[in-house]
Amino acid sequence: MSKENEQKDKGIIKHAPLLLLHIVKSKEVNFVLTQFTALILAGLLRTSLSPIATTPAARHVYGLTIGLALGYFCFGRQAIHLASLPALCYIAMRTQNPRHMQRVVLAIALIYLSCIHCHRQIYDYGSYTLDITGPLMVITQKVTSLAFSIHDGLTRREEELTPMQRHQAVQKMPTALEYFSYVFHFQALMAGPVIFYRDYIDFIHGHHMPGAQSLVGFYDKKSQGSEIILEPSPTLIVIKKIMASLICAVVFITFIPIIPIQRVKEDEFLSNTTAVYKVWYLMLATMLVRFKYYYAWIFADAICNNSGFGFNGYDEHGNARWDAASNVDVYKFEMSLNFKSSIEHWNKRTNLWLRLVVYERVRHNKIFYTYFLSALWHGFYPGYYLTFASGAFFTVAARSVRRYVRPLFLESERKQTFYDILTFIATRVIMAYTTFSFVLLEFVPSIRVYLYLYLFPHLLGLIAIILLPRMGLLRKTHKPTAKAEIDHSVAASNGNTYKTM
């Protein structure tokens, strides 16, 4: 390579953050503007349009109008899809038998969303720019969760429901205003989080505060209304979350050009680096990509809080908690000691949606169906399916390790600390190994990385799934055998004693 080219490459790397910022400004500015606008308008919903100051209908109209306006401003004519998908689903809710209506709505929503995913994948393959699929994914979660909640409320007995299904059950078909206000409310239209219908209705009527009863009169005609409890001010927590989200944005813009995930596709990287370095690079690259999600989700959480939604009671120190609408816990995710804990603290509201729609409703292969729906909901890039297939695989492997290996380290505090350190490192490695294909999107480059790492994590997972249960079974069968031998010896001894006597 000539010196001129080297200097040129160095110049590109040096100014990469500025170039990326320019791209973000040119392609994502509408999204940023709509989020800041939503943040400001959310304050009016909490103050001037509070449940005490105005009627539920006025709050519905306000949220619906602002949501439609922001959706059109951000996406232009593409916003027609934001209305078409929920309109088709609402027709199905109104016309289909509630006993199987939820499946029809799920099929309509997923087929519509899949068509949009395919269109984007054909005409804009591999793009990371903002488009209509993001809000449509959130709307799909809303309409399908509502359909299943209506099914639970109208066709199933209360004792048949799980606690979550019982809490979210809806016993009254929403009016058009209630339905479309729920779908388009501006606080969570652009980046989520998904808010379930019953929680949203309680919020609109002012019965969402911990300690207050649910809006039982709305769902159960036999019950009476409940009192409204005043909430603490969210101003301080909103400021903290806005600052945290902006810091995440700065970290992403600054460092992602320095450690791009696309480098793992290069032959030079694959051939001239050690396996340890590859894993280390994957850990750094995937962590930096997560900061983009941290920014969007924390900012969206702040919008919800500023509107008065998200209060979750008080902690043991008497401090107000505003995490009922949080989609991610950054610290708990990054510092988790096991794979299960990591998943629980990432995209938390989507995890609840998957639990409500599929996990608690299938009897067999729960993990498979849950991960499959999650992959289908995300789209059709091969990298998604590699990630979710690996996620299901390592979820099963982690359960096996926790069941058969963890008890061996609970004998002393020192052993338990060693086990925690070991699982912390293993979780960071497995998380990077599992999720890099989600960012890379492509099949062949992802498989090449797997092969250059000798599929070592997958092999360890197979050992955990296949061998550990057998070893555990051998230990269980061995101990009773030894005990039986001792009892037999004692019995024989006693028999001989009796004979002597």
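The protein has 21 helices and zero strands; both are DSSP runs, numbered from the N terminus, with helices being H or I of at least four residues and strands E of at least two. Of its 501 residues, 46% count as buried, where buried means under 20% relative accessible area, exposed over 50% and partly exposed in between, using a 1.4 Å probe and protein chains only. Among contacts between residues at least 6 apart in sequence, 70% join residues at least 24 apart; a contact means heavy atoms within 4.5 Å.

**Basis of the values**

- Residues are numbered from 1 along each chain as its sequence is written, and side-chain values use heavy atoms, with hydrogens and water left out.
- Because the model is predicted, local features need pLDDT of at least 70 and side-chain atom pairs count only at pLDDT 80 or more, while totals for chains, interfaces and linings use all residues.

**Salt bridges**

- Side chains of opposite charge can pair when their charged atoms come close.
- The count comes to 14 salt bridges, each a side-chain nitrogen of Lys or Arg within 4 Å of a carboxyl oxygen of Asp or Glu.
- Asp267 pairs with Arg448, with the closest N and O atoms 2.8 Å apart.
- Asp267 is partly exposed at 47% relative accessibility, and Arg448 is partly exposed at 28%.
- Arg290 and Glu334 form a salt bridge at 2.9 Å, N to O.
- Arg290 sits in helix 13 (residues 275-306) and Glu334 in helix 14 (residues 330-334), so the pair links parts that are 44 residues apart in sequence.
- Arg290 is buried at 11% relative accessibility, and Glu334 is buried at 15%.
- Salt bridges that share partners join Asp152, Arg156 and Arg361 into one network.
- Within that network, the closest N and O atoms of Asp152 and Arg156 are 3.0 Å apart.
- Asp152 is buried, with a relative accessible area of 1%, whereas Arg156 is partly exposed at 25%.

**Helix 11 against helix 13**

- Two packed helices are described by the angle between their axes and the distance between the axes.
- Helix 11 (residues 235-255) packs on helix 13 at an angle of about 160°, with the axes 8 Å apart; axes are lines fitted to C-alpha atoms over the stretch in contact, and angles run from 0 to 180 degrees between N-to-C directions.
- Helix 11 is therefore roughly antiparallel to helix 13, a term for angles over 145 degrees.
- The crossing is left-handed, meaning that the near helix is turned anticlockwise from the far one by less than a right angle.
- Residues of helix 11 in the contact include Ile237, Ile242, Leu246, Val251 and Phe255.
- Their counterparts in helix 13 include Leu288, Phe291, Tyr295, Ile298 and Ala302.
- By class, this contact has 18 nonpolar, three polar and three charged residues; Ala, Val, Leu, Ile, Met, Phe, Trp, Tyr, Cys and Pro count as nonpolar, Asp, Glu, Lys and Arg as charged, and the others, Gly among them, as polar.

**Thr140**

- Thr140 lies in helix 6 (residues 133-155).
- Thr140 is buried, at 0% relative accessibility.
- Leaving aside residues up to four places away in sequence, Thr140 touches Leu85, Ala109, Leu110, Leu113, Trp353 and Trp377.

Notes:
Parallel < 35°, antiparallel > 145°, perpendicular 65-115°, else oblique.
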